[in-house]
Amino acid sequence: MKNYLTNMFWGPANHDEFANGIQQAINQVAPHGIFTGDNFFTFGRNLSFLDDEKFMTAFSKHVETDAEKAIIWRSNILCWAARQSMRIAGDLVECGCYKGVSARIVCDYVELEKSDKHYYLYDLFEHSPEMNHHAMPEHSANLYAQVKQRFADLEQVHVTQGSIPEVLHHIAPEKIALLHIDLNNAPAEIGALELLFDRVSTGGIIILDDYGWLAYRAQKEAEDPFFEERGYRVLELPTGQGLLIK
Ligand SMILES: C[S@@+](CC[C@H](N)C(=O)[O-])C[C@H]1O[C@@H](n2cnc3c(N)ncnc32)[C@H](O)[C@@H]1O
């Protein structure tokens with residue numbers, strides 16, 4: 001049995017004291033199947049993704065920062081969804097791809113080049129104070145080119161720079177098997193859903209990366225009525241993602 005331990009927690013007032021507390025809790029349980037990070041601590045779990053060699057190879061190859069390493073469980077859920085979506089009509093979409101790390105892990109995991117699927121990635125890639133989204137450490141005038149380079153070997157991946165939802169009028173697939181929305185921006189997420197939800201195939205999967213996070217509660221508050229009106233309800237996962245199978 002393996003453990004996966006990171007010290008990446010968002011919110012504690014004193015990170016050292018918090019880490020000590022987590023360590024004390026770890027000392028009280030059998031040293032197997034422990035996961036810490038991304039704001040959760042659990043133990044006595046199979047952590048099956050750690051035994052999935054293909055996933056671990058793809059994940060280890062592309063993650064760089066501590067924050068990226070900490071979100072391994074979220075990444076595995078996205079990979080699971082992508083793998084399921086290979087059997088569903090339509091393409092893959094990520095609204096808010098940032099550096100393209102999650103999407104690149106997905107591409108390797110599902111061996112996108114062997115499928116007939118396309119993967120559409122969108123982001124602004126830059127940030128300035130008047131823009132209605134929060135800054136990320138690697139936003140820059142070069143990021144768009146860097147992300148295109150990350151996918152240069154995969155002609156089925158289409159990286160587009162632009163503001164969601166407007167950009168979706170210009171380039172977006174007609175049919176969607178997997179819709180991953182990770183914009184940290186409630187109006188943009190609703191704008192994306194208004195344009196893309198009807199294109200998601202029956203059985204298609206929607207992952208809302210921030211749905212369960214209090215800091216992004218505005219997204220849940222906007223999305224719950226959107227889905228209720230259409231007869232759906234999002235499942236809040238322990239990772240903080242929201243999951244919906246259409
Ligand atoms: C948390 S990051 C995405 C991380 C990425 N999904 C990953 O897992 O590696 C959120 C991204 O959403 C983008 N974003 C926010 N609002 C946007 C909008 N209206 N149009 C396009 N991109 C937007 C930001 O530029 C930022 O890079």
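At what angle do the axes of helix H7 and helix H8 cross, and within what distance do they come? The legends below begin with this pair. The model is predicted: local features need pLDDT of at least 70, side-chain atom pairs count only at pLDDT 80 or more, and totals for chains, interfaces and linings use all residues. Residues are numbered from 1 along each chain as its sequence is written.

**View 1. Packing of helix H7 with helix H8.** The axes of H7 (residues 186-196) and H8 (residues 217-229) cross at roughly 25° and come within 8 Å. H7 is therefore roughly parallel to H8, a term for angles under 35 degrees, whereas those over 145 count as roughly antiparallel, 65 to 115 as roughly perpendicular and the rest as oblique. Axes are lines fitted to C-alpha atoms, for helices over the stretch in contact, and angles run from 0 to 180 degrees between N-to-C directions. Helices (H or I, at least four residues) and strands (E, at least two) are DSSP runs, numbered from the N terminus. The crossing of H7 with H8 is right-handed, the near helix being turned clockwise from the far one by less than a right angle. H7 contributes Ala186, Glu189, Ile190 and Leu193 to the contact, and H8 contributes Ala218, Gln219, Ala222, Glu223 and Phe226; residues are in contact if their C-beta atoms, placed from the backbone, lie within 7 Å. Six nonpolar, one polar and two charged residues form this contact. Here Ala, Val, Leu, Ile, Met, Phe, Trp, Tyr, Cys and Pro count as nonpolar, Asp, Glu, Lys and Arg as charged, and the others, Gly among them, as polar.

**View 2. Packing of helix H4 with helix H5.** H4 (residues 72-85) packs against H5 at an angle of about 45°, the axes being 9 Å apart. H4 is therefore oblique to H5, and the crossing is right-handed. Ser75, Leu78, Cys79, Ala82 and Arg83 of H4 meet Ser102, Ile105, Val106, Tyr109 and Val110 of H5. The contact comprises seven nonpolar, two polar and one charged residues.

**View 3. Packing of helix H2 with helix H5.** The axes of H2 (residues 53-62) and H5 cross at roughly 145° and come within 9 Å, in a right-handed crossing. On H2 the contact involves Lys54, Phe55, Ala58, Phe59, Lys61 and His62, and on H5 it involves Val101, Arg104, Ile105, Asp108 and Tyr109. By class, these are six nonpolar, one polar and four charged residues.

View 4. Gly96, Tyr98, Ser102, His133 and Ala188 come nearest among the 18 residues around the ligand, a residue being near if its C-beta atom, placed from the backbone, lies within 6 Å. Helix H5 (101-110) and strand S5 (119-123) are the elements that give two or more residues to this shell. The shell holds nine nonpolar, six polar and three charged residues.

**View 5. The two domains.** The domain assignment, which is automatic or from a database, gives domain 1 (4-42) and domain 2 (53-245). Their centres, taken over C-alpha atoms, are separated by 27 Å. Seven residues of domain 1 are in contact with ten residues of domain 2. The side of domain 1 that touches domain 2 has four nonpolar, two polar and one charged residues.

**View 6. Backbone features in two loops.** A cis peptide bond, with omega of about 10°, joins Ile164 and Pro165. Pro165 lies in the loop between strand S6 (157-161) and strand S7 (176-181). Asp38, although not a glycine, has a positive phi of about 55°; Asp38 is placed in the loop between strand S2 (35-37) and strand S3 (40-42).

Key. Contact = placed C-beta atoms within 7 Å.
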